[in-house]
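Please look through the sequence and the structure shown here before reading on. The report that follows treats charged side-chain pairs and then the ligand site.

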Amino acid sequence: MQFYSTNRHSPPASLREAVMRGLAPDGGLYMPERIPVIPAAFFNNIADMSLTDISYVVANQMLSPDIDSAEVRRLVAETFTFDIPLMPVRDDIYSLELYHGPTKAFKDVGARFLARIISHFAKTERRGVKVLTATSGDSGGAVAAGFRNVPGVEVYVLYPTRTLSAQQRAQFTLTDTNIRPVEVLGTFDDCQRLVRAAFLDPELRSRATLTSANSINICRLLPQMFYFYHAYASLLRREGMVRDLVISIPAGNLGNLTAALLAKRMGLPVKRLISASNANAVTPDYLSTGVFTPRRAVRTVASSMDTGNPSNMPRIADLCGDDHEALSRIVTGCSVADEEILSTMALTRSASQYLLDPHGATAMAALVKGLRPGEKGIFLSTAHPSKFPRVVEKATGVTFPAPPAAERHAHRIRRISASPDALRRMLLENMLDNTL
Ligand SMILES: *Cc1c(COP(=O)(O)O)cnc(C)c1O
């Protein structure tokens, strides 16, 4: 499979090049040149297949023959050391619990799979491999856990000052391995900007293989397709028949939405999608007007979705052939205010005894408003409620034991200003250290 850049100024790349670059040289995002359609027979048996078996079939469509099938099966099996249950919340609404991985967030799936693909290719790389990733909350920990002790790979986790919870920070600052935490004196959007600038910096590129573990990396995105098929299979198993399925996706950088659109193009029988945002309404506004206006992010209770400039937008535009009309027939947007996120958590707790995290609650709220008679809804629960103890307690009164105490390795944290030059200097210094 070849991958093209959404900016269309770089030549097509092999799977290896696309993964090891993260971002294309022209600043675009890689996308598969061809979107395979999975044979219909797959869906006849899907209800009897395990998560790993389903994922293997989907992965093979994109990765074989660049990675041989036996290796693909191994990478998939190593990714899913945990289950993804589909839990009934209401007669017509189910929660897909994506948070049973090591860091209790859906990002474990993409990060674990990507780490394994990168280490697969790193074995034959001549230079050291450095992974740069920006996190708004949960991806830092997931990426750190995914790459822990992967030989030959060093991971820099950039995070905005102040917005992360102590528990989220602890997931990537409490390890003494190949993970280097970098606090950026700015916002998450600043972190993303710095990472992008580093990828386009010729001097940095000439010294090391720099790649990204954010959803700009195509191999973080592809495994996120697996669980949409698995959700369909789980619903089919429960109900015997699935018609008019609607999936509601809590959206930040739109990685999950991109994966869902890809899955639909590859044949997933889903009727339509809902893209659920918090008060950062840039995507719903785009979906209803056709005009994309990036803006500064505001802080919300669903903080892992606080972005005002979703990085996967170019992929979404390509997937619908820049046809906004066509896109809006498949995806509707919905922006949910903090009060409504909190009241959805409270109501769902009292009516269904089901505990939501604020991100899952955003998607549930959108589904409650958007589901039409006769439709079945699945929303993604993207983080375990215990990751957001203060919000959960405020909304529902449910409390969790305190997270592990302070950051023992705080001295390992580097603090830099929100300028590409500061990141550049830090990376060059470290590369020098490595060669001494
Ligand atoms: C990252 C994240 C999201 C947003 O996912 P995208 O694929 O970036 O849209 C939603 N919920 C949680 C808990 C997250 O960590």
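A salt bridge is a side-chain nitrogen of Lys or Arg within 4 Å of a carboxyl oxygen of Asp or Glu. By that definition the structure holds 22 salt bridges. This is a predicted model, in which local features need pLDDT of at least 70 and side-chain atom pairs count only at pLDDT 80 or more, while totals for chains, interfaces and linings use all residues. Residues are numbered from 1 along each chain as its sequence is written, and side-chain values use heavy atoms, with hydrogens and water left out.

| Pair | N to O distance |
|---|---|
| Arg90 and Asp92 | 3.2 Å |
| Asp190 and Arg193 | 3.1 Å |
| Glu429 and Arg414 | 3.8 Å |

The last pair links distant parts of the chain, since Glu429 belongs to helix 19 (residues 420-435) and Arg414 to strand 13 (residues 414-417), 15 residues apart; helices (H or I, at least four residues) and strands (E, at least two) are DSSP runs, numbered from the N terminus. A network of salt bridges also links Glu71, Arg74, Glu78 and Arg116.

Turning to the ligand, 15 residues surround it, and the closest are Lys107, Gly252, Asn253, Leu254 and Thr382, where a residue counts if one of its heavy atoms lies within 4 Å. An oxygen atom of the ligand is 2.7 Å from a polar backbone atom of Gly252, and an oxygen atom of the ligand is 2.9 Å from a polar backbone atom of Asn253. Taken alone, the ligand exposes 390 Å², of which the protein buries 96%, with accessible areas from the Shrake-Rupley method with a 1.4 Å probe.

Terms used: Polar contact = N/O pair within 3.5 Å; in protein donor to acceptor, adjacent residues only side chain to side chain.
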